[in-house]
Amino acid sequence: MKIDRRLLANFDWILLFLVLSIAAVGLLNLYSAGHNLPHAGDPLYIKQSYWLIIGLMMMIIMFSIDYRFLVTYAYGIYGFSILLLLLVFFLGKMTHGSQRWLVLFGFSFQPSELVKLTMILALAKYFNDKQIDEGYYLRNLLILSFIIIVPFVLIVNQPDLGTSLFLVALFSSIVVFVGIKKRILIIFSAAGLVLAPLCWFFIKDYQKERILSFLNPERDPLGSGYHIIQSIIAIGSGGLFGKGLLKGTQSRLRFLPEQQTDFVFSVFAEEWGFAGVFVLLCLFFALLLWGLRISRNSRDMAGTLISFGIIMFIFWGFFVNIGMVLGIFPVVGIPLPFLSYGGSSMIVLMMGVGLLMNISMRRFVFQP
Amino acid sequence: MKRHRSRLADYEPAKFRRKFNIVVWLVSCAFLILTGKLWYLQVIKGDQLRQRSENNRIRVQEVKPLRGLVMDRNGVILVDNQPSFDVSIIPEDAKDVSAITDRLRVLYDRRGVASFKDVPPVKGRKPFVPVKLDRHIGRDKLAVVETNSLNLPGIVVDVVPVRKYNFGAMLAHVLGYVGEISSAELKKGPYRSYRSDDIVGKYGIEKNLDLYLKGVSGGEQAEVNVAGRKLRILGGVEPVPGYNVMLTVDSAIQKICWDAFTEKAGTAIVMDPRDGSVLAMMSKPSFDPALFNRGISEIDWKCLISDPLCPLQHRAVAGQYPPGSTYKLIVAAAALGEGVVTPRTKINCTGKYTLGDRTYRCWKKGGHGVVDLNRALVESCDVYFYHLGEMLGVDTLASYSRKFGFGVKTGIPLPGEKGGLVPTKRWKKEKLKESWQKGETISLSIGQGFLLVTPLQLIRAYCALANGGTVYRPRLLNRIESVRGEVVREFGPEKESNIPVSPANLEILRKGLWGAVNDLHGTGKACMREEKDVCGKTGTAQVIGMPEEDEDPHEEKVPYKVRDHALFVCFAPCNDPEIVVLVIVEHGGHGGSVAAPIARKIIDGYFAGKKDETVVRHSEEPSGTEDSQHTQQEINDRRGA
């Protein structure tokens, strides 16, 4: 596919700058977080930079293809990702008591990450095809529900409550953004509120523990509440200016759990203090606002929804993960975008960024 | 595709404008919430949480000091320290305590070593304080724990110094033993500054000098990781070891006593009459003080407590005996002092003495015939002393007894000392609400009846005779030194009083005691040496009332419990006494036949040791002829003296 020179003229340098800044902070932080961890092969930050490079290549591919072309085949792409989830169900690799990984050509891959992106595409296509100004009716929503329920059930079954709830949050944000009748919204919310306690009987014991210890971290300070207490100690002990790179005692002495993935932000906060954290939060905030600007300026419904979805993708990861390590939310395994270690997450995120650029570049380009 | 295009054509982004504003507002809210919470945690509560992160990584551990050593007068170490190993668990590091302890049990089983009891739940335990699982483990268990330490998170091996009693049971009563402080002791005044896991002296020198021996605890700050493993020592305060205590005891003489004393129960003391220092002090039966080191086992404790011979009793200071005939020295001193007799006063001993309707027998059937004071002491004639006692009266005897140091504690720095009992008329009236009977004075005059003395009091009285009249407080401590050898306290001889006996009378008494050992008819013949340099007095103390009838209690027929105590006190050399030896054999029979031979062995041993010492000193001298001659001269001088 040939890229128009005008497209390059409209290339979104600000978006690239913001993403690369955050990713650079992420690599530096992983250098520290992984410093004292036992690892096989290369250190974590080296591995993560490989993923980042692959992600950047994927990003280039994603902005080269016109997003409208992708929208056309959105259902197919979505179906493909569901197929991968089914493969996980039958052939997936078991680690730590859950089946989340698919091994392809020696590489482990997490299809549940990819589904986040393909679901956004599928929803964008659906709403793009059926624009109803007065809001959407129950009938449409039932069809839409089908799009979310299939991956939700498959991912809950892995089991990965965090990612499946994340999908629901992403789905709901887009659906609410597009607009449904208030009456239906109320019915759905009420049904959700009634069903939520019922879920209690279906979730695993360790998940109950997490919710209980979120409600009262001191309940079992050495058990499930331990993680969140250690995280808060790490963050708070950073103070205004932090302890300095590689000087975070909570992480170096491994009081922090999962410090390279879910609790990576605590490492950063301990070593860089409020000053460093504030800069990072501002970078994220700028990225989110810039993304929303892209969405607002998009020249079609699909572009608006795809970019909005990707921004929500980043936003929920950012808000829930940091909220979790600060003790605002219960411990759910949601990685922090661009900072948590993980190949699948990084590549899918960069693909999302590619799509954002795609939409941003093509805002002035009209169909011939 | 066509339809798709048409949709795009009439796309109106403006309709999302209001929604975008709401989303921007929501994202800003989220940003503010996170920023606010971070400000609260990092800036407002930052110091507090930093402290918690420090607490996380830094463990402050008390480092116990080494207890001071106890040495004898020549610097021979009597009590030393040696390492003992404990296995503990830190529950916070182990996470799952029962899983880890089970794992350790399996490892123990595999090696065939005995396992430990369940982990006791410790209330009010501070976090990260180890809980003891197994104390005083052997090398086999140590090896198991050390080689598997990686699989046993939270399991730590502590090295605890314990006391090593080099002379075991031989000096057990003097040195005492140690143990973990009890909660009752913690509440008492002198132990206020102690901590709940401190080791304190429970008996003997260990108890009485605990403040000097215990030292000052130090502290250590160590950085640990989440598994509780020490990564590095950040700093700390070194503990100060306890002071070393030098006793007046001579371990060589102590050993001589211990070896000489083959009877099953009793005591022997050796003192230097010149300054009142205790050279040896033993009590039998004894016990192994190391049993108490890490908490005595129930079985061992029951054994010690239920033994009818009371091995824990320190007979030398806490045993109270009727002095028997050894008391005749005081009676004679009183009689000479009060002028009721002269050395020439003679009394006819018919073997009996009648007072009212009661008859008091002499130990010798048929009597001694006409005896003077000297013979009365030599042959220990009871009748002679009945007369003296009657002439003197109980209160005069009591007053002399007190001046010889009876009836009050000597003040030796050992726990549990008893004061004995010196009866007077007033005492009987007040305590027993009865008036004094004359017959009781008769019993008293041969050291029977109400009179009770401790062996230490008795030997002290003989020391006063040996040294020319000075009553010393028994000295057990020479000095207390710091580890670097600085003298913290020095203990010199302490004169308490002088006995009211003139030098001439002292000479008369000494002569009597010389005869008691060296005369053909002397009761203490068994202690006679070739040099004829021992003065002594035997005693046979009746445990039950004196038999009035003519039935002679043969020791073998009488049950052990009511057999007589055998006593013997002596000093040597008679002209310039260096040592006073006391031997009491409980229920041993006659002092002359049972106690005196033991005393002789001790005196022989003492002089043999002295000779060896001189020879050793001589051989150690450099081989210069002039020096050698000089030393030879010195030895000759000493021998002459």
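Helices here are DSSP runs of H or I with at least four residues, strands are runs of E with at least two, and both are numbered from the N terminus. The model is a predicted one: local features need pLDDT of at least 70, side-chain atom pairs count only at pLDDT 80 or more, and totals for chains, interfaces and linings use all residues. Residue numbers start from 1 along each chain as its sequence is written, while chains are lettered from A and ligands numbered from 1 in the order in which they are written.

**View 1. A:V156 sits in helix α7 (residues 138-156) of chain A.** Count the other C-beta atoms within 10 Å and you get 17, so A:V156 is partly exposed (20 or more would be buried, 12 or fewer exposed, and partly exposed is in between, with C-beta atoms placed from the backbone). Skip the neighbours within four places in sequence, and A:V156 is in contact with A:L161 and A:S164; contact means that C-beta atoms, placed from the backbone, lie within 7 Å.

**View 2. Three strands of chain A make an open sheet in the order β1-β2-β3, with antiparallel pairing.** Strands pair if DSSP finds at least two bridges between them. The edges belong to β1 (93-95) and β3 (107-109) of chain A, each with a single partner strand, so one side of each has no neighbour in the sheet. From one strand to the next, the twist averages 45 degrees. Three bridges link β1(A) to β2 (residues 98-104) of chain A in the antiparallel sense. Look for A:K93 here: its bridge partner in β2(A) is A:W101.

**View 3. Helices α5 (residues 97-111) and α6 (residues 139-147) of chain B cross at roughly 130 degrees, their axes coming within 10 Å.** Axes are lines fitted to C-alpha atoms, for helices over the stretch in contact, and angles between N-to-C directions run from 0 to 180 degrees. On the α5(B) side are B:L107, B:Y108 and B:R111, which meet B:D140, B:K141 and B:V144 of α6(B). Those contact residues split into three nonpolar, no polar and three charged.

**View 4. Chain A puts 41 residues in contact with 33 residues of chain B.** On the chain A side, at least two residues each come from α11 (225-237), α12 (249-252), α13 (264-297) and α14 (301-325). The most come from α13(A), with 11 residues. By class, the chain A side has 24 nonpolar, 13 polar and four charged residues; Ala, Val, Leu, Ile, Met, Phe, Trp, Tyr, Cys and Pro count as nonpolar, Asp, Glu, Lys and Arg as charged, and the others, Gly among them, as polar.

Notes: Two residues are in contact if their C-beta atoms, placed from the backbone, lie within 7 Å.
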